[in-house]
Amino acid sequence: MKSTKLIAPIIITIFTVIILMLYFFLWSIVPIPAPIKVVLLLGLLALMGVSVYTLVERIEEIRSGEEDDLSKY
């Protein structure tokens with residue numbers, strides 16, 4: 001039963017990372033000044049990392065049985 005609760009966060013994270021990767025490749029070929037390009041690409045890499053980190057945290061929450069975040073407050 002817990003594996004079915006993992007499907008939605010994993011799919012959403014995969015789609016988010018794919019979209020961010022498409023932006024990453026699009027901005028890497030667009031002719032803009034190098035400093036702006038570096039900032040944009042680093043920002044996209046950071047967003048991808050945060051998405052994966054959030055997915056890992058969510059998986060740990062589901063496995064530990066704490067599925068409702070509101071119970072903490």
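1. Buried means under 20% relative accessible area, exposed means over 50%, and partly exposed covers the range in between. Phe-25 has a relative accessibility of 48%, so Phe-25 counts as partly exposed. The model discussed in this note is a predicted one.

2. Phe-25 also takes part in a ring pair. The ring centres of Phe-24 and Phe-25 are 5.7 Å apart. Their planes stand at 85°, and the pair is therefore edge-to-face. The cut-off behind that label is an angle over 60 degrees.

3. How many aromatic pairs does a search of the whole structure find? The search finds two. One of them joins Tyr-23 and Trp-27, with 5.9 Å from centre to centre and 45° between the planes, and this pair is tilted. Tyr-23 and Trp-27 both belong to helix α1, which covers residues 2–29. They are four residues apart, about one turn of the helix.

4. Are Tyr-23 and Trp-27 buried, exposed or partly exposed? Tyr-23 has 41% relative accessibility and so counts as partly exposed. Trp-27, at 27%, is also partly exposed.

5. Next, the charged side chains. Side chains of opposite charge can pair when their charged atoms come close. The count for this model comes to one salt bridge. The side chains that meet in this bridge are those of Glu-61 and Arg-58, at 3.0 Å from N to O. Both residues lie in helix α2, three residues apart, about one turn of the helix.

6. Arg-58, at 27% relative accessibility, counts as partly exposed. The cut-off that matters here is 20%, since buried means under that value.

7. Ser-51 is found in helix α2 as well, a helix that covers residues 34–64. Its relative accessibility is 19%, so Ser-51 counts as buried. What does the side chain of Ser-51 reach? The side chain of Ser-51 reaches the backbone oxygen of Leu-47, at 2.9 Å.

8. Which residues does Ser-51 touch, once those up to four places away in sequence are left out? Ser-51 touches Thr-13, Thr-16, Val-17 and Leu-20. Helix α1 consists of residues 2–29, while Ser-51 itself sits in helix α2.

Terms used: Residues numbered from 1 in each chain as written. Predicted model: local features only at pLDDT ≥ 70, side-chain atom pairs only at ≥ 80, totals over all residues. Heavy atoms only, no water. Helix = DSSP H or I, 4+ residues; strand = E, 2+ residues; numbered from the N terminus. Buried < 20%, exposed > 50% of the residue type's maximum accessible area, 1.4 Å probe, protein only. Polar contact = N/O pair within 3.5 Å; in protein donor to acceptor, adjacent residues only side chain to side chain. Contact = heavy atoms within 4.5 Å. Phe/Tyr/Trp six-rings, centres within 6.5 Å; stacked < 30°, edge-to-face > 60°. Salt bridge = Lys/Arg side-chain N within 4 Å of Asp/Glu carboxyl O.
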